Amino acid sequence: MKYALILLALVSNLAIADQCQSDKLSIHKNFAMGRYNQCQQLAPDSYRLTLKPENLPINPSPWYALKLVSSQSQDIELELLVEHGKPRYLPKISLDKQHWQPVDYQIDGQSMHIKLTLPEGTLWLAGQEILDNDDYQQWQKQWQEKGLALIQLGQSVQGKPIEGLVSYADSRDWLVFIGRQHPPEITGAMAMDHFVDEVLGASTEAAQLRKRFNLLLVPNMNPDGVYAGNWRHNVGGVDLNRDWFSREQPEVQAVHQYLQKIVASGGKIRFAMDFHSTHHDVFYTMPTDYGLTPPDLVDNWLAKLAEVIKPYPVNIKPGHNKDRGVFKQYIADTYGVHAVTYEVGDNTDRQDIADVARAAARQLIPMLSALP
Ligand SMILES: [Zn+2]
C-alpha cells in the first residue's frame, strides 16, 4: 500500500511536470510530433516550457510542438527554455495544424519568449509546419493511386514500417531519393515533395526518365523520431545520417539491404540524393575528382540550376569524409556514383523552396536520362 502511494505520487508528479493545466488553459503534447519536456506555470498568464534532447551528445536542433486549449480568449507569455542548445526553429501558430503563420518572438540566450493572444479553443504552436507519419501515409497513397508500388523495406526500432515507393522501368539502373533522417527538418521534406512531383510528373522528360530508370523513394526514414518529435536521432538514440557505414540501426539497414539486393541481382545504383534542412540553402556534393561516374554530372547540373534560378543563389560545398557515415558518402563509396545532400534553410521562403526544388528536378531529369 505504501509503495502504491509512492508510485501514485511519482506518477502525479510526472503529470504535473509534463503538462500545465488550469480552468483557463491546458498545454498538451499528446499528438504526433508534439514535443516539450516540462511545463511550469510561472505566473497566472506566464508559462515556461523546457526543451530537452532525446539523448546526448547531439547536434542540437531543439524541436517543439504544443497544443494550447483555452476556455476563453486570453493573452499569455511563453518561455521556451532549451537545455543543451540554443533556440533554432522560429515559432509558428496554426488553428488547424495545416495552415501556419509566424509569430513574434525574442531570443535571449537559451530562451525564446513568445507573447500569444489565444482564441477560445485550440491553437497549435510549433517550430515548423507539422508533417507527421500520417501525412506521409497520405502522400504515399496518392502516388500509389498513380501507379507507383508501395514496398516495405524494413521496420524502425519501434516496429513502424520503413516504406518505399518504387517506379519500375525496363532497366537495371536505379535512382534513389530519401528524406527525413532528421525529424525536424521540414523544409528539406518540402523540397523533396516538390522535387518528386516533377520527377513523377506528366512532362515528356519525366516520362522518359521513368522509362530509363527505376526509382526508389523513401521519404520518411525515421518514423519513430518523427512521431516522438525528436531533435535529430532515431529512438535508438542514433543520428541515422552518421550510421551508413556501421549500419547499427534498422532504418539504415532496411535501405542498405534493398540496395544490396538490387546490386546482387545485376542492378546498378546510378545517382542518389537525400533531403535535409540547415541554417541556409546548400548542396553538399562529392568532389568532381573523387572518381565517380560520370565525374561532372553534379557540377553540370548545379551550374544549369544556377543559370535558371538566377539571381537566387546556389551554394555548393563539395567534400568527403570517410569516417562520418553520411548517406552521400556511403552511396559514393559503395556504388561509385554521385550523391548529393540537398539542404534547405530552416527559414527559406516556402515558395522559393518549391520553385528551386522544381527547377532542380527539371534540370537534372534530362541529364540523368542522357547518362550512358
Ligand atoms: Zn539533416
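The accessible surface of the chain is about 16700 Å², by the Shrake-Rupley method with a 1.4 Å probe. Carbon and sulfur atoms own 50% of that surface. Keep in mind that this is a predicted model, where local features need pLDDT of at least 70, side-chain atom pairs count only at pLDDT 80 or more, and totals for chains, interfaces and linings use all residues. Residues are numbered from 1 along each chain as its sequence is written, and side-chain values use heavy atoms, with hydrogens and water left out.

How far can we trust it? Mean pLDDT is 95; pLDDT is the predictor's confidence in each residue, from 0 to 100. Of the residues, 95% reach 70 or more. Residues 4-16 stay under 50. That stretch has 1 contact beyond four places in sequence, a contact being heavy atoms within 4.5 Å. Where pLDDT is low, predicted coordinates should not be read in detail.

Now the fold. The chain has 9 helices and 19 strands. These are DSSP runs, numbered from the N terminus: helices are H or I, at least four residues, and strands are E, at least two. The radius of gyration is 22 Å, close to the 21 Å of the globule rule for 372 residues, so the chain is as compact as a globular protein of that length. That radius is taken over C-alpha atoms, and the rule is 2.2 Å times the number of residues to the power 0.38.

Of the 372 residues, 53% count as buried. Buried means under 20% relative accessible area, exposed over 50%, partly exposed in between (1.4 Å probe, protein chains only).

Next, some single residues. Where is Pro183 found? In the loop between strand 14 (173-179) and helix 3 (186-199). Pro183 is buried, at 1% relative accessible area. Beyond four places in sequence, Pro183 touches several residues, including Met33, Asn222 and His233.

Met33 sits in the loop between strand 2 (25-28) and strand 3 (38-43). Met33 is buried too, at 1%. Its phi is positive, about 75°, although Met33 is not a glycine. Lys97 also has a positive phi, near 65°. Lys97 counts as partly exposed, at 21% relative accessibility.

Most residues other than glycine have a negative phi, and most peptide bonds are trans. Which bonds are cis here? Leu56 to Pro57 is cis, with omega about -5°. Thr293 to Pro294 is cis, with omega near -20°. Pro57 lies between strand 4 (46-51) and strand 5 (65-70), in the loop.
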